[in-house]
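Dear colleague,

Please find below the structure that I am handing over to you. My findings follow directly after it.

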Amino acid sequence: MAIAKTGDLNERIRIVSKGKDSVDDYGDSIPGEDKVIYEKLYAMERTKKADEIAQNLEALRNQVQFIIRHRQRAEPLITSDMHLIHLVKPENIEYQIKAVDYDTQYGEWDVILCERIGQK
């Protein structure tokens with residue numbers, strides 16, 4: 001059974017590589033410039049099962065999984081040093097990518113495991 005159908009991809013996400021911060025001559029921090037890897041991807045936000053949530057509520061509160069179409073070899077690789085931005089109104093939600101589960105067997109769907117940034 002497939003984990004998603006094309007019609008399920010109704011969320012928009014962006015993948016960015018965070019720029020490295022630097023320090024100027026006066027010791028002030030200069031934020032690095034972000035590089036957009038994927039401007040817009042369509043994804044499905046995967047929900048957790050009730051037994052997963054009940055076992056470890058605090059740890060799972062800010063963890064999210066997004067399912068996207070499998071990335072081809074010629075496309076940029078999504079890695080854990082990148083951020084995912086969930087494009088929702090009124091403000092976007094930013095996640096740190098923890099891992100990516102690539103579908104190497106069927107080449108249909110990849111799963112991006114994320115943790116929300118700035119939440120306690």
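This is a predicted model: local features need pLDDT of at least 70, side-chain atom pairs count only at pLDDT 80 or more; totals for chains, interfaces and linings use all residues.

Ile67 stands opposite Val111 in E8, where strands, labelled E, are DSSP runs of at least two residues numbered from the N terminus. The strands E5 and E8 pair in the antiparallel sense over 7 bridges; two strands count as paired if DSSP finds at least two bridges between them.

Residues are numbered from 1 along each chain as its sequence is written, and side-chain values use heavy atoms, with hydrogens and water left out.

The barrel

The pairing of E5 with E8 belongs to a barrel that 6 strands close in the order E1-E4-E5-E8-E7-E6, with antiparallel pairing. E7 and E8 are joined by 6 bridges, and Gln96 has Glu115 in E8 as its bridge partner. Between E6 and E7 there are 4 bridges, with Ile85 opposite Glu94 in E7. These two strands, E6 and E7, form a hairpin with 6 residues between them.

Buried here means under 20% relative accessible area, exposed over 50%, and partly exposed in between (1.4 Å probe, protein chains only).

The salt bridges

With a salt bridge taken as a side-chain nitrogen of Lys or Arg within 4 Å of a carboxyl oxygen of Asp or Glu, the count comes to 4. Asp34 and Lys18 form one of them, at 3.0 Å from N to O. Lys18 also forms a salt bridge with Glu94, at 3.2 Å between the closest N and O atoms. Glu94 lies in strand E7 and Lys18 in the loop between E1 and E2, so this pair ties together parts that are 76 residues apart in sequence. Glu75 and Arg71 form another salt bridge, at 3.2 Å; Arg71 counts as buried at 15% relative accessibility, whereas Glu75 is partly exposed at 30%. Through shared partners, Lys18, Asp34 and Glu94 are joined into one network.

Yours sincerely
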